[in-house]
Amino acid sequence: MYYWNRENFEGLKSVGEKYSSVEGYELFGKYCLQKEQGLKKLAVTSIKEFVSVSKRRTQEEQRGIAEELSSLGFWNGDIHQLLAHPLVEFLKQVLEQWASDDPANPTPHKWLGYIGGDISSYKRALKLDPKDEICISRIAQAHLNDADYQTHHLSESIFLGEFNEAKSSMRSARSLIGMLNTEELKLKMLNEMEYYDKLLSCWEEYSQLGIDGSFPNWCASKGEKFNFWSIVYYDQ
């Protein structure tokens with residue numbers, strides 16, 4: 001059953017075993033174990049029951065659950081079935097209300113950034129806590145993702161968007177990555193940043209030459225190695 005999804009299922013089992021014995025999270029732990037065993041219908045019932053019970057808890061307890069499980073999901077990205085849709089909707093609702101009630105608190109904004117996939121929430125949290133490395137790294141990653149999007153058709157010698165905007169994104173990423181203190185994370189992000197810096201530099205040089213050859217072939221002739229995407233078009 002595990003095959004390519006092994007980390008997901010083993011992670012579900014580990015988390016399930018842990019939270020099954022944590023007061024207030026027993027149903028969440030049960031969901032994880034049922035999901036790991038492939039008991040989909042039972043798992044859905046368990047997570048819906050967990051959400052229903054959680055909604056009857058005090059506001060303070062709900063906020064604790066939102067912080068606990070948002071953090072759990074963030075740090076366990078390989079377990080992609082960890083936070084089911086009903087749970088995500090509940091966490092989002094709690095965090096949105098918390099952020100509205102306590103706008104000067106960075107915590108709900110930070111986890112809204114994760115749960116809602118909203119970079120603006122990360123930015124609000126960072127203004128409130130300029131040293132938060134989760135927010136710093138996520139905003140920096142968003143800038144790197146911009147560069148990735150704009151360059152993902154370079155296999156066809158096509159650059160998407162404005163080159164200066166891509167360069168601006170890289171400057172913003174560099175500034176943010178420089179703020180990180182966690183060496184492993186900083187090194188990983190620096191390596192990714194340097195990759196796109198080099199790719200953009202090569203594209204800038206290539207585009208000024210006006211040559212007929214493709215960008216990938218030109219890069220290869222210079223000994224530059226990039227991970228060019230394979231683009232597939234379908235006729236309708």
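Where is the place of Q62? I looked, and Q62 sits in helix 4. Helices here are DSSP runs (H or I, at least four residues), as strands are (E, at least two), numbered from the N terminus.

**Ground rules**

I am working with a predicted model, so I noted that local features need pLDDT of at least 70, side-chain atom pairs count only at pLDDT 80 or more, and totals for chains, interfaces and linings use all residues. Residues are numbered from 1 along each chain as its sequence is written, and side-chain values use heavy atoms, with hydrogens and water left out.

**Entry: Q62**

Is Q62 buried or exposed? I found a relative accessibility of 15%, so Q62 counts as buried. The cut-offs are these: buried is under 20% relative accessible area, exposed is over 50%, and partly exposed is in between (1.4 Å probe, protein chains only). Next I listed the contacts, meaning heavy atoms within 4.5 Å. Setting aside residues up to four places away in sequence, Q62 touches S54, K55, R56, R57, F90 and V94.

**Entry: helix 2 and helix 3**

I moved to helix 2 (residues 26-36). Its axis and that of helix 3 come within 8 Å and cross at roughly 165°. Axes are lines fitted to C-alpha atoms, for helices over the stretch in contact, and angles run from 0 to 180 degrees between N-to-C directions. Helix 2 and helix 3 are therefore roughly antiparallel to each other. For that label I checked the scale: under 35 degrees is roughly parallel, over 145 roughly antiparallel, 65 to 115 roughly perpendicular, and the rest oblique.

The crossing of helix 2 past helix 3 is left-handed. That word applies if the near helix is turned anticlockwise from the far one by less than a right angle; clockwise gives right-handed.

Which residues meet here? From helix 2 I wrote down L27, F28, K30, Y31, Q34 and K35. From helix 3 I wrote down L42, A43, S46, I47, E49, F50 and V53. This contact has eight nonpolar, two polar and three charged residues. Ala, Val, Leu, Ile, Met, Phe, Trp, Tyr, Cys and Pro count as nonpolar, Asp, Glu, Lys and Arg as charged, and the others, Gly among them, as polar.

**Entry: T45**

I stayed in helix 3 (residues 40-55), where T45 is found. T45 has a relative accessible area of 49% and is partly exposed. I also took a distance to G117: 72 residues apart in sequence, 26 Å apart in space, C-alpha to C-alpha.

**Entry: helix 5 and helix 6**

The axes of helix 5 (residues 85-101) and helix 6 come within 9 Å. They cross at roughly 150°. That makes helix 5 roughly antiparallel to helix 6. Helix 5 passes helix 6 in a left-handed crossing. On the helix 5 side I noted V88, L91, K92, L95, E96, W98 and A99. On the helix 6 side I noted T107, P108, H109, W111, L112 and I115. By class, I get nine nonpolar, two polar and two charged residues for this contact.

**Entry: helix 6 and helix 7**

At what angle do helix 6 and helix 7 pack? The angle is about 155°, with the axes 7 Å apart. The two are therefore roughly antiparallel to each other. Their crossing is left-handed. P106, H109, K110, L112, G113 and Y114 of helix 6 meet S121, Y122, R124, A125 and L128 of helix 7. I sorted that contact into six nonpolar, three polar and two charged residues.

**Entry: the buried face of helix 7**

Which residues of helix 7 (residues 119-128) are buried? I found S121, Y122, A125 and L126. An α-helix has 3.6 residues a turn, so residues three or four places apart point the same way. The buried residues of helix 7 pack against helix 4 (59-75), helix 6 (106-115), helix 8 (133-151) and helix 9 (163-177).

**Entry: A166**

A166 lies in helix 9. Its relative accessibility is 0%, so A166 counts as buried. Leaving out residues up to four places away in sequence, A166 touches Q150, F159 and L200.
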